Amino acid sequence: MDTEQKQTFDLEALRTKLASTTGRQYWRGLGELAENEEFIQYLEDEVPQATRSMGMYVDRRQFLTLAGAGLALAGLSGCRFQPQRKIVPYVKMPEDMTLGIPSFFATAVPSLSGTALGVIATTREGRPIKLEGNPDHPDSLGKTDAVTQSLLIGMYDPDRSQTVMNQGEVSAWKEFYSTARDAFARQRTTRGNGVRVLTETITSPTFAAQMKNLLVQFPEAKWIQYEPEGRDNVRAGAIAAFGEPVNTIYKFDQASRILSLDADFLLTMPGHVRYAGDFIKGRRVRRDTKDMNRLYVVEGMPTITGANADQRLPLRPSEIEGFARAVAQGIGVDVGGTPVPTFNGDNAKYLTALIKDLKSAAAGTTLVIPGDFQPAPVHALVHAINAQLGNAGKTVLYTDPVEAVPSDQLADLKTLVVDISASKVDVLLILGGNPVYTAPVDLRFSEQIVKVPFSIHLSAYEDETSFLSKWHLPEAHFMEAWGDIRAYEGTTSIIQPMIAPLYDGKSAHEVISALIEEPREGYQIVRDHYRSQGVITEDDFNKILHDGVVASSASKLRLVTLKPGAASAVSPAIAKPSGSTLEVVIRPDTTIGDGRYANNGWLQELPKPILKITWDNVAVISPATAAALHIPYDKESASNTPTAELTVRGSKITAPVWILPGHPDDTVTLTLGYGRERAGSVGSGIGYNAYNVMFSDTLWNTTGTLEGGKGSLPVATTQHHYLMENRDLIRVGSIAQFTRSSYDKERLSPDDLEEQDKNEKGKSHVVEERPNIYNLDEYKYPKDPNNAIDKFGAYSWGMSIDASACIGCNACVSACVAENNTPVVGKDEVLRGRAMHWIRIDTYYASDAAQSDAYFVNPKTYFMPVMCVHCEQAPCEPVCPVAATIHSHEGLNMMVYNRCVGTKYCSNNCPYKVRRFNFFNYANHHDVPVRKLLNNPEVTVRGRGVMEKCSYCTQRISLKRQQAKQIGVEIKDGELVTACQQACPTDAIVFGNISDLNAAVSKLKTEPHDYALLGELNTRPRTTYLARVNNPNPEIESEASQSEKTRGDQQQRG
Amino acid sequence: MASTINTNPPAPGNDPTEGLITGEHTYETITDKVSSIVINQRKQPLTWYVIFGGAFIMLNVMMATIVHLLFKGIGIWGINIPSGWGWDIINFVWWIGIGHAGTLISAILLLLRQQWRTSINRFAEAMTLFAVACAGLYPLLHTGRPWVAYWLFPYPNVLGMWPQFRSPLVWDVFAVSTYATVSAMFWFVGLIPDLATMRDRATNPLAKIIFGCLSLGWRGSAQHWQRYEAAYLMLAGLSTPLVLSVHSIVSFDFSVGIVPGWHTTIFPPYFVAGAVYAGFAMVILLAIPTRALYGLKDFITMKHLDWMAKIMLTTGLIVFYGYLVEVFYAWYGGDKAEMEMMHNRMFGPYGWSYWMLITCNGFAPQLLWFPRVRRSIPMLFILSLVVSLGMWLERFVIVTVSLTRTAIPATWGYYTPTVFDWSMFLGTMGQFLFLFFLFIRFVPMIAIFEMRDLLHKSHHDDTNGNGHGVNGHTEAAPIGTQTTIPAGAGE
């Protein structure tokens, strides 16, 4: 203000200024008088309001105008999140909508390959906050999967595209419509010759009708469906076997012997939620169980399906066809003149035993399932095998296709590319999908799309395709727009919007409608379609909306007959490795799929099953291959994972190499979905892009070379150690052991039997030398003498987790995140060991101690979901200096966030390590208002510096308790479910009141194979586990080697 | 003062005061020597400025770290799940351990009538205070929400909440705060006669006022002396159990937990021994440069260093025994988790730290059996450094190595400190040195009056043999009146 500034005064100007003013003037200093720049700056810094009043004078009238407008606008924004159309609630009518009381609506979400998963959306005050399965939906039956649970964060994603863009400039729907309608009008003269519509796989009847209408108006136009997981192989296989593209659905609950040929039906196949539930139905082991189904899995990359197998055989994907042929020949299918490969050693033993087992089972009780990524001839072979085994019509059903128009997607896409390069395409309307990113690299789609004079891309994000299209249109999320969609077996659901579009998005239905007819709203389009289908009255339509499914809309069952010679078709062989090459296998990612969920923080942070990796994709190879390629491996730390360069036909990618036991040798598995350039702030620039080595002729299976020594990268994992180190964590036994011990089932669990066997054989064991200081039976529920019910007459909450039923699919983890406002922490924090999931799926490898190699070649993989077990004598409680973690009289170990000062002692003292700490302000790290709409209002958003953990969904307990109290009843068993339990597709998690001896959970706790994790610590956990019971084939595994023992001297990071 | 309680003549041929003051010293020279460091502020050695400057910079690094920590959260450190504690608690225990020697020297050696404590007790006590100040920062800052850390104290509040008295962390609060309070009182009470000397000798008027206030009106009257001695003795009695209790309770932080590697009954005694061990190493580390810097070799003699080395050797053996017993019980107890914990300590990913620990704390101190090593200043200095490192490693092995490998292998993790762990740790060292160098410049670092008493005694012994209460009385009893008051002749 002083000396320096005085020098800048221009006295002359000051005089002029003074002379030019009239009336009395006041000023605080000469600086103000001169309106000196620096003074104004100074004033602005010191007294911000002052400059505004200096620069912009607002009088009383103006102020009132502005204030009024502001208030009105504020009111408008309040209306924003209400759906404009009346939608029908599932349980409660809209007039019931009360602040603080959630409403539930049935709808459906797109799952794999265009099929639907029916859900019930929970909305609070007009905001959808949680999705649960719809019990009436055939795929869901009330269950969900990890991806579905994570979809809502995608809707509240601030990165979603918000405006119409024309060649990089912000535009508007009006402008787009006027331009596009003209373009389409011009095309009428050529009967739509230059029009191409590119979509993903469409099962929507409404959309199909709209497209039909479009093709009537533009007969020369073409509709191309393409998505990477388009199931071309499945369709081609059906055509090869039956001459028509029938849809195959499986009845796992009817099958006693199941063979999966590279089919990951528990996680990445349409219908997987239903399949998982059906599969586990045949494996639940209870007191009187005598038999269970047996799963054989022959696969490459270890999947959760392989981990659930009783007998898994690792084979390279190129060997699967030969194996299928050998099985077909073995059971008596005529495989024609095609040579059948011979298998040696363990593989031969496996094959022989498998064939014997399949043949000895009663007709129609077995099931063979081919993988979607296996070529068509494998599918044809399997159809023949199923026919031979009498499974068709029993465990394997054939129906009309679910897709509106089944097509050879890749061939259509190739044609499109040819048409574009021949300048035949004037208008390219891309509705959804991201072909620039997902098309095989040799099609050079990115170079083609720019040649189209009028290209339009409707998508939720301004992605790679949007960037190269002339127009980008923001797509309404499926939670924001009307539509319909079919399940894996054809049942149709109507998609109801839960919220008005947050951004300026429209659905594909609306865009098509606006382009070729009088624009209609989404609701009108869907309603009109169903009216034309005979749903005339509003009541009928409302019933569909209410139920979430269109009654008896499943695809018609078909009785198809096998074409002669179907099993002898020869495959365009999958390239086999030779010389220095490796077999390169490409698969969709197990969390973010083909890349469509790349910007979904929940899915990015979800540890990929088996690998336990977050935020990255890796190139997976076997330990032997790593040794052969001299790729080093770091035992303890994932923070420097070696990278290698993979070359496929001249295309190169550099990827971190992950060494995974159980992966076949001479093979490298890549996953899609990463290496995105324009995914959004979460998904861009992480991982490598496997599409760069995906060629249209070899697609999922090719060959290439891998060269190590290219440096290293940090890869964030949530688990570093995969061996049980001889600890009694997951107890495993065979069904044979289980049934044999019927004389003493009250006491013995499979591992006890193992001990007993050892004793009988006179072998001593360290454990037996120790006195039994804890009588564990004494603390078993519900026998606990100190049980809270005697003292308080209250509920005693407890949980049972069936390790046999846990397939390791992550649905519980994801559901817990969505229910409990668990924050996303990001890759760096996961690297530091600070992932916040309240549940983790501990994954262990085991192998027969006698065969040390088996550990690397084909280990057993076991899953164990671990969350807070709510110890009766919790080690965390007495060590908290401020009593922030305490016991409730209902047996919950409660965390009082407000009281927590964050000493972390509770976590240190927790033997289960289930406590999570807010090292930073994770919950509000990115202060994005729209994200906060997603939060569950029943659950505290945890601030920085406090500990958190599984609460047994205490908010759900409170809600049910209140409801029960209001009407003066007890909470009934099964009425109260935790979020993880509700999502679990296999019902592996059961929660309830253990003081009610008839409750499902109490009964499970009296099962002979019930045990407490780390029970020897006398923590007396409320959550107990049921031992995992397998059904190995004794001809493959001798009984001696069935007693699993982990190898204690090996440390291995997968 | 010891003269008033020491009525037994020392055993012949084993004069406890021999070699404790060397050189030709009178009461006057002792007073001059020690007080001149404070009085002549302009005559500080250059080294003082260098070290003090360095410490000041490090102190500011710590301050910056703390601001960053409060702003961002404790995530700036390397701690994680499963390793909820890291350098924060390691350093806390390390500093607390260092703090033990001071009180042990002052209180226990006083009660045991060890004359040799005289020349080192003042700065050892100061060291204790500063170490506790460093230690105290950690439990406060390691909490996720330090602004509510006061909830650990039992105080009347509207929440109607007490702390969880079963938690060792609450015991810690009591143990450490009591220890800090009693140590501070003990130190200050011991300073009073010397503060009076400084008041009398100070030329700077401000210093006169400050020392005047601090000396609480001490005039050195016989009555003062009598009460002073009683108070000092009582404080020594109070402090003595604290020496044992503080580190016992700190060890409960671990032994009460059920973490394999923590859940051990031997922790309390072996933590106390370790604390004394580390404390003496630090006293030696501070004494060696200080006596060289300020020419105090006559007061802190080789005999002092020798005896401190002997204590270090003794406590070191106890600590080593503790390590061996841990291994033995891991095997003898037969608990699988404990056995694996021990195996992991030795051969796991942090195996290096265990073997370094055994080398530093188990083997290296065995050199102290040799008198030549004990009397070699460089060897002693290096060994003290080694022991300090070893004691740090001990806590590292206990905290980190145990936490990263607990009951469920799927949860095993790894702990890596970040740059902020380093800056905090180096910062506390800066704070420690900063305070210590302020102390040696502004407070008489050796107890003047006790040195004079010692001189009297040794002189007395030399000239009068065992004539303790006979001839010596006229010289010895009125120490305060004869020496302190004339020194302040200005009055």
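Predicted model: local features only at pLDDT ≥ 70, side-chain atom pairs only at ≥ 80, totals over all residues.
Local features need pLDDT of at least 70 and side-chain atom pairs count only at pLDDT 80 or more, while totals for chains, interfaces and linings use all residues. Residues are numbered from 1 along each chain as its sequence is written.

The contact (heavy atoms within 4.5 Å) takes 54 residues from chain A and 61 residues from chain B. The two chains bury about 4700 Å² between them, 57% of it on carbon and sulfur atoms; buried area is the accessible area (1.4 Å probe) that two parts lose on being put together, summed over both. In chain A, the most area is lost to chain B by A:Arg727, A:Tyr905 and A:Arg944, together 16% of what that side buries. Zero salt bridges are counted between chain A and chain B, a salt bridge being a side-chain nitrogen of Lys or Arg within 4 Å of a carboxyl oxygen of Asp or Glu.

Over all chains, the whole structure holds 78 aromatic pairs. Rings of Phe, Tyr and Trp (its six-membered ring) pair if their centres lie within 6.5 Å; planes under 30 degrees apart count as stacked, over 60 as edge-to-face and the rest as tilted. B:Trp87 and B:Trp392 form an edge-to-face pair, 5.1 Å centre to centre with 80° between the planes. Both B:Trp87 and B:Trp392 are buried (under 20% relative accessible area; exposed is over 50%, partly exposed in between; 1.4 Å probe, protein chains only). The rings of B:Tyr354 and B:Trp355 are also edge-to-face, because their centres are 5.3 Å apart and their planes at 80°. B:Tyr354 counts as buried at 5% relative accessibility, whereas B:Trp355, at 40%, counts as partly exposed.

Notes: Chains lettered and ligands numbered in written order. Heavy atoms only, no water.
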